[in-house]
Amino acid sequence: MLNIRIEKTTAPKAKPADESKLGFGQIFTDHMALIDWNLEKGWYDPRIVPFANFSMHPACTCLHYGSEIFEGLKAYRTADGKIQLFRPQENARRMLNSSERLCLPQLSEEDFMQILTELVKIEADWVPHSEGTSLYLRPFLIGSDETLGVHAVHNAIFCIICSPVGSYYKEGINPVGIMIEDADVRAVRGGTGYAKCGGNYAASNRAGEKAEQKGYSQVLWLDGVERKYIEEVGAMNVMFKINGEVVTPALTGSILPGVTRKSCIELLKSKGMPVSERLLSLEELERAMDEGTLEEAWGCGTAAVVSPIGKLAYKDKVFIVNHGEIGPVTQMLYDTLTGIQWGKLDDPFGWIVPVC
Ligand SMILES: *Cc1c(COP(=O)(O)O)cnc(C)c1O
């Protein structure tokens with residue numbers, strides 16, 4: 001059990017007046033959670049304090065060598081005003097795996113859950129009320145040695161910040177255009193693809209920018225060895241419905257194990273729909289497009305829940321998926337997951353963690 005010190009702000013900020021203009025990650029709440037770590041002392045001084053800038057030594061490890069990992073999850077307000085989380089233990093466990101990969105200290109699932117729920121209780125009034133809005137929670141962990149030496153860190157800082165975010169689909173769910181990227185890769189087997197680390201994002205921005213310039217929302221990533229197998233879409237996991245079966249790339253080490261991905265798989269299986277986690281080659285996908293057996297395609301992740309893919313471009317070929325419309329399986333996944341998250345539907349899976 002952490003003995004969390006709590007220091008409340010004396011200057012609370014005004015809550016956003018217009019929840020239709022929240023956007024993503026623009027506004028931050030009154031408090032943040034912090035825990036320091038040192039090789040000798042272990043985790044120490046867990047605290048929830050007024051939101052403030054960091055002061056850091058310019059040689060701080062995370063600024064030079066990318067020792068940074070993060071998580072992302074949401075707190076949802078139900079119709080009767082209660083606040084709840086969706087599978088937060090999955091984020092705690094994934095952060096343990098990310099820490100292990102980057103030689104950062106590991107915060108136990110219990111401690112992660114304790115400080116996260118304590119912070120959400122304190123910031124409960126910041127969870128917005130409008131349809132589709134939520135409080136985005138961003139736990140992160142940075143190496144903080146004050147030296148340019150290269151090694152596993154001796155000092156680290158765990159922090160959670162919170163941001164009220166708007167509805168992802170304010171204008172309704174519009175399928176997006178995706179460009180298949182065969183030059184840059186996001187991650188490689190043996191690298192950090194399965195860890196949620198900032199470095200993966202830094203390395204994927206160039207391809208994302210290129211796709212945007214060509215009028216596409218994001219890229220479809222291929223594997224780093226042969227550029228042969230499908231991996232992810234942008235910063236989301238990807239699923240295809242081919243000839244009645246949902247296919248999603250197997251977790252081979254270069255793919256981020258998404259909580260939304262896992263939930264979609266479990267939900268589809270519970271409904272008796274065929275799902276397969278396996279290697280999916282670009283060749284197989286192209287064949288499915290040519291033969292008309294690619295029925296639906298979508299990305300999945302916490303921010304959007306599901307993001308239907310309406311158009312796939314590879315070299316000079318453009319394929320339209322399901323007439324550019326959201327398909328029935330994609331829609332079912334969206335309705336069921338968001339229904340459970342906002343407490344409109346029963347939760348037969350035990351995914352919801354009530355906070356207050
Ligand atoms: C966070 C993330 C996802 C989605 O994970 P969720 O737990 O479902 O939000 C997928 N791919 C990448 C690269 C990610 O960083």
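## Domains

The C-alpha centres of domain 1 and domain 2 are 28 Å apart. Domain 1 covers residues 5-165 and domain 2 covers 176-341, with bounds taken from an automatic or database domain assignment. To the contact (heavy atoms within 4.5 Å), domain 1 gives 19 residues and domain 2 gives 21 residues.

This is a predicted model, in which local features need pLDDT of at least 70 and side-chain atom pairs count only at pLDDT 80 or more, while totals for chains, interfaces and linings use all residues. Residues are numbered from 1 along each chain as its sequence is written, and side-chain values use heavy atoms, with hydrogens and water left out.

## Buried area

About 1,800 Å² is buried between domain 1 and domain 2, and carbon and sulfur atoms give 56% of that area. Buried area is the accessible area (1.4 Å probe) lost by two parts on being put together, summed over both. On the side of domain 1, the residues that lose the most area to domain 2 are Phe86, Arg94 and Arg101, together 35% of what that side buries.

## Polar links and composition

Two salt bridges are counted between the domains, where a salt bridge is a side-chain nitrogen of Lys or Arg within 4 Å of a carboxyl oxygen of Asp or Glu. Arg87 forms a salt bridge with Glu266, with 3.2 Å between the closest N and O atoms.

The side of domain 1 that touches domain 2 draws two or more residues from each of strand 4 (68-70), strand 5 (73-77), strand 6 (83-86) and helix 2 (88-102). Helices (H or I, at least four residues) and strands (E, at least two) are DSSP runs, numbered from the N terminus. Helix 2 supplies the largest share of that side, eight residues.

## Ligand surroundings

Which residues come nearest to the ligand? Of the 14 residues around the ligand (a heavy atom within 4 Å), these are Lys196, Tyr201, Glu232, Thr260 and Thr302.

Polar contacts are pairs of N or O atoms within 3.5 Å; within protein, one must be able to donate a hydrogen and the other to accept it, and residues adjacent in sequence count only if both atoms are side-chain atoms. A polar side-chain atom of Thr260 is 2.6 Å from a ligand oxygen atom. For Tyr201, a side-chain N or O atom lies 2.7 Å from an oxygen atom of the ligand.
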